[in-house]
Amino acid sequence: MSPTRRTVLATAIGTAAAVGAPVQAAAAEETRSEASTPSELRAAADYAVEKISAVAPGIRSFPVGTKFEKWVYSQNGDWVGGFWPGTLWMAHLHSGDDALRTLALDSARRLAPRQYDTTTHDLGFLFYPSWVTAWRLTGDESWRAGAIRAADTLIRRYNPRGRFIRAWGALDDPNNAGRVIIDTMMNLDLLDFASRQTGDAKYLDIAVQHATTTQRVFLRPDGSTPHVFDFDAATGAPIGPNTVQGYSATSCWARGQAWGLYGFTTMYRRTGNAEFLTTARRLADFAIGALSADHVPVWDYRAPQQPHDIKDASAGAIMACGLLDLAAATGRPHYRDVALRLLSALSRTCLTRKSPRAEAVVARCTRNRPAEDGVEISLPYADYYLLEGILRVLRPQDVDRAIDLSTT
């Protein structure tokens with residue numbers, strides 16, 4: 001019987017734990033990729049808009065990933081539905097093409113039933129890049145009201161005993177009732193939006209409580225994080241770290257680290273809480289130290305075969321956006337420099353330019369390596385965050401109009 005990939009990986013775990021991170025850091029210091037130039041980023045954005053404009057008129061649901069370079073769809077959007085209208089908005093901001101604006105609005109409308117979805121924490125992913133952005137760019141009150149309704153649904157997942165937002169499962173389902181994941185940090189900005197729009201502090205209070213809990217139980221001394229932390233849902237008592245998409249409970253899933261970096265920076269901007277900024281910096285410093293010389297993150301920074309392992313370009317795109325945010329929040333140019341190197345690496349080595357049949361913009365993404373689900377494919381959030389990152393550099397005022405880059 002042939003060994004599984006996970007079995008093969010496990011044979012190297014001891015060596016990786018002992019020397020992996022220092023080796024990666026040393027390699028990254030020895031051979032740094034060149035930072036992006038404005039012309040290079042503009043060319044990447046132009047390519048993205050060209051690809052999106054060609055594909056978008058034929059899309060009537062929500063891309064969730066690719067198979068043989070073609071989009072596979074979900075009718076209700078799964079957890080990623082907000083990224084397709086968000087990508088259309090970013091493409092519209094770069095190009096000025098009103099056809100893309102119309103398509104963004106049409107796509108966002110199809111998410112309307114999800115305002116009341118009590119089975120997921122991902123309402124921020126669903127409604128911030130789609131409905132909040134639609135309201136900010138059009139002023140149409142219906143988008144604002146719908147985003148607030150989604151926030152009302154999201155806070156129903158809050159567990160006051162453990163002070164966390166439950167990640168998965170229906171509210172009456174005991175399975176996973178105490179499960180928290182690092183990704184939720186990126187859903188909290190929807191709650192801040194609701195507090196600002198309604199004047200009701202309850203939404204932001206829950207976001208702050210969840211972020212404080214996440215900071216306490218996820219952050220390791222070296223700045224790395226697990227994917228999952230479990231609590232006793234009945235008492236709120238902590239159980240311990242776990243994982244679903246990372247290599248192990250003691251590893252560091254690259255996309256999760258990027259979600260945490262970006263999410264804590266955003267929470268600092270919304271609250272002025274210096275502890276959140278310190279946490280964001282610790283997450284960033286670990287991830288930067290774990291990058292290999294090519295500046296395309298491996299799927300897990302502590303997988304046994306890192307740094308020579310399967311890549312996840314989506315983690316690089318998210319990390320770049322978070323680092324640009326962090327550079328602005330801290331005034332430290334080093335974070336911006338690394339962000340530009342990430343965007344450069346993605347633009348040079350991860351775009352689908354050489355494949356005329358490809359429907360996505362960014363290749364070399366990995367959805368769920370342990371489950372062998374979507375290994376080195378394209379993912380909709382990679383396209384979205386690549387464009388957001390590029391426009392943060394080239395057109396920061398336009399991005400600010402769309403997603404609000406202000407700091408409290």
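Ring pairs join Trp-79, Phe-83, Phe-125, Trp-259, Tyr-262, Tyr-381, Tyr-384 and Tyr-385 into a cluster. The structure is a predicted model, in which local features need pLDDT of at least 70 and side-chain atom pairs count only at pLDDT 80 or more, while totals for chains, interfaces and linings use all residues. Residues are numbered from 1 along each chain as its sequence is written, and side-chain values use heavy atoms, with hydrogens and water left out.

A pair of aromatic rings is described by the distance of the centres and the angle of the planes. Rings of Phe, Tyr and Trp (its six-membered ring) were paired if their centres lie within 6.5 Å; planes under 30 degrees apart count as stacked, over 60 as edge-to-face and the rest as tilted. This rule gives 22 aromatic pairs. In one of them, Trp-79 and Phe-83 are edge-to-face, because their ring centres are 6.2 Å apart and their planes stand at 90 degrees. Relative accessible area was used to class residues as buried (under 20%), exposed (over 50%) or partly exposed (in between), with a 1.4 Å probe and protein chains only. Trp-79 is partly exposed at 21% relative accessibility, whereas Phe-83 is buried at 0%. Phe-83 also pairs with Phe-125; the centres are 5.5 Å apart and the planes are at 50 degrees, so this pair is tilted. Phe-83 belongs to helix H4 (residues 83-95) and Phe-125 to helix H6 (residues 123-138), so the pair ties together parts that are 42 residues apart in sequence. Helices (H or I, at least four residues) and strands (E, at least two) are DSSP runs, numbered from the N terminus. Phe-125 is buried, with a relative accessible area of 2%.

Charges over rings were assigned where NZ of Lys or CZ of Arg is within 6 Å of the ring centre and within 35 degrees of the ring normal. The charged end of Arg-110 sits over the ring of Phe-62, 6.0 Å from the ring centre. Arg-353 lies over the face of Tyr-47, and here the distance to the ring centre is 5.5 Å.

Rolling a probe the size of a water molecule over the atoms shows where empty space is left. On a 1 Å grid over the protein atoms alone, a cavity is a set of points where a 1.4 Å probe fits but cannot get out, and a pocket is an open set with protein on both sides within 12 Å along at least five of seven lines; lining residues have an atom within 4 Å of a point. Grid points are joined across faces, edges and corners, and a volume is the space filled by probe spheres set on the points. Two cavities of 30 Å³ or more are present, and the largest cavity holds about 230 Å³. The largest cavity is lined by 17 residues, of which Tyr-128, Met-186, Asp-189, Tyr-262 and Tyr-385 are the closest to its centre. At least two lining residues come from each of H6, helix H10 (254-271) and helix H14 (380-394); H10 gives the largest share, with five residues. Ala, Val, Leu, Ile, Met, Phe, Trp, Tyr, Cys and Pro count as nonpolar, Asp, Glu, Lys and Arg as charged, and the others, Gly among them, as polar. On this basis the lining of the largest cavity has ten nonpolar, three polar and four charged residues.

The largest pocket has a volume of about 360 Å³. Its lining numbers 20 residues, and the closest to the pocket centre are Asp-78, Trp-79, Asp-122, Trp-168 and Gln-245. Seven of the lining residues are nonpolar, six polar and seven charged. Asp-78 lies in the loop between strand E2 (70-74) and H4 and is partly exposed at 41% relative accessibility. With contact taken as heavy atoms within 4.5 Å, Asp-78 touches Val-64, Arg-114 and Leu-126, residues up to four places away in sequence not being counted.

The backbone has a cis peptide bond between Gln-306 and Pro-307, with omega about 5 degrees. Pro-307 is in the loop between helix H11 (274-290) and helix H12 (313-330). His-295 is in the loop between H11 and H12; although not a glycine, His-295 has a positive phi of about 60 degrees. His-295 is buried at 1% relative accessibility. Arg-364, likewise not a glycine, has a positive phi near 65 degrees. Arg-364 is placed in the loop between helix H13 (333-349) and H14 and is partly exposed at 25% relative accessibility.
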